[in-house]
Amino acid sequence: DELPSAELETNFDFGGVAGGRALLDGAATNASAYFGAFINAFVECGYTPGLNLHGAPYDWRLSPRDLHRGGYFARLKKLVENSVIANGRPAALIGHSYGGPLIKYFLRQQSSLWRDRFILGFVPVGAPFGGSVGIIEAVAAGNTLGAPFLSPSLFWPVQSTAPSGAWLSPHPEVFDHADRPMLPIAITREANFSASNLSLFYEGIGHSEFLPMLEEVQRSHLDEILAPPLTRTTCIFGVDLPTVEAMDFRSAAPAQ
């Protein structure tokens with residue numbers, strides 16, 4: 001399936017919280033819960049959905065530039081402004097996973113005067129600011145994103161052509177630093193690949209559609225991706241949890 005155009009409306013319950021309760025549409029179960037625990041915790045603390053607790057669902061397939069052109073960030077800005085004015089307090093923006101880089105992109109588009117007036121702080125949760133090794137699996141073979149009872153092969157046709165994957169690919173300046181240069185993050189029977197030559201891995205498995213997106217991001221947008229959010233930021237990450245450091249395809253070849 002082709003990606004939607006930047007103008008296509010794909011958000012569900014924008015400004016409310018229904019879009020954040022489950023990973024799968026209509027599947028509000030424990031197995032597919034997404035922001036449900038967050039939402040319930042805030043409600044227990046006295047927040048009211050739609051009044052001072054809002055969700056801003058987005059199309060995870062699209063890059064920040066695509067979302068910007070499609071008007072997503074304009075809607076987010078208006079949502080923040082309306083809530084701050086209605087409640088008389090600046091807003092805290094919370095972004096999980098890819099939502100973290102997206103909010104950082106959004107904040108950097110605003111003036112310092114706007115950020116000072118409307119933003120209390122930014123809280124990224126498990127945000128892959130330097131890229132994610134898991135994206136290699138998604139692009140090469142598919143990743144269910146935690147959805148139960150589904151095969152990665154169902155996700156692969158979309159994930160292997162989604163512009164967001166290029167923005168979330170491991171960045172050479174983060175993964176190939178002086179302490180561990182050229183760390184293998186994709187391992188095949190023929191060769192090992194680091195963040196610096198990951199394009200050769202995708203070329204070798206025939207993912208020609210993904211290559212231009214990755215090369216364009218690394219050529220033109222790397223500084224933007226690694227830039228600071230320009231507001232008070234509190235990062236939340238898991239501790240003592242298994243973290244993927246490399247994808248090993250020696251026993252199972254990537255999708256072709």
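A residue is called buried under 20% relative accessible area, exposed over 50%, and partly exposed in between. The model used here is predicted.

**Exercise 1.** Classify Cys45 as buried or exposed.

Solution. The relative accessible area of Cys45 is 62%. Exposed requires a value over 50%, so Cys45 is exposed.

**Exercise 2.** Determine how many disulfides the model contains.

Solution. A disulfide is a covalent bond between the sulfur atoms of two cysteines. The criterion is a pair of cysteine sulfur atoms within 2.5 Å. By this criterion the count is zero disulfides. Another cysteine, Cys235, has a relative accessible area of 42% and is therefore partly exposed.

**Exercise 3.** Classify the ring pair of Tyr58 and Tyr98, and state which parts of the chain the pair ties together.

Solution. Ring centres must lie within 6.5 Å to pair, and planes over 60 degrees apart count as edge-to-face. The model has 15 aromatic pairs by this rule. For Tyr58 and Tyr98, the centres are 5.9 Å apart and the planes stand at 75 degrees, so the pair is edge-to-face. Tyr58 belongs to the loop between α1 (36–44) and α2 (64–69), and Tyr98 to the loop between β1 (91–96) and α4 (99–109); the pair therefore ties together parts 40 residues apart in sequence. Tyr58 is partly exposed at 23% relative accessibility, whereas Tyr98 is buried at 5%.

**Exercise 4.** Classify the pair of Phe122 and Phe129.

Solution. The centre-to-centre distance is 6.4 Å, with 80 degrees between the planes. The pair is edge-to-face, and both Phe122 and Phe129 are buried.

Notes. Residues are numbered from 1 along each chain as its sequence is written. This is a predicted model: local features need pLDDT of at least 70, side-chain atom pairs count only at pLDDT 80 or more; totals for chains, interfaces and linings use all residues. Side-chain values use heavy atoms; hydrogens and water are left out. Rings of Phe, Tyr and Trp (its six-membered ring) pair if their centres lie within 6.5 Å; planes under 30 degrees apart count as stacked, over 60 as edge-to-face and the rest as tilted. Helices (H or I, at least four residues) and strands (E, at least two) are DSSP runs, numbered from the N terminus. Buried means under 20% relative accessible area, exposed over 50%, partly exposed in between (1.4 Å probe, protein chains only).
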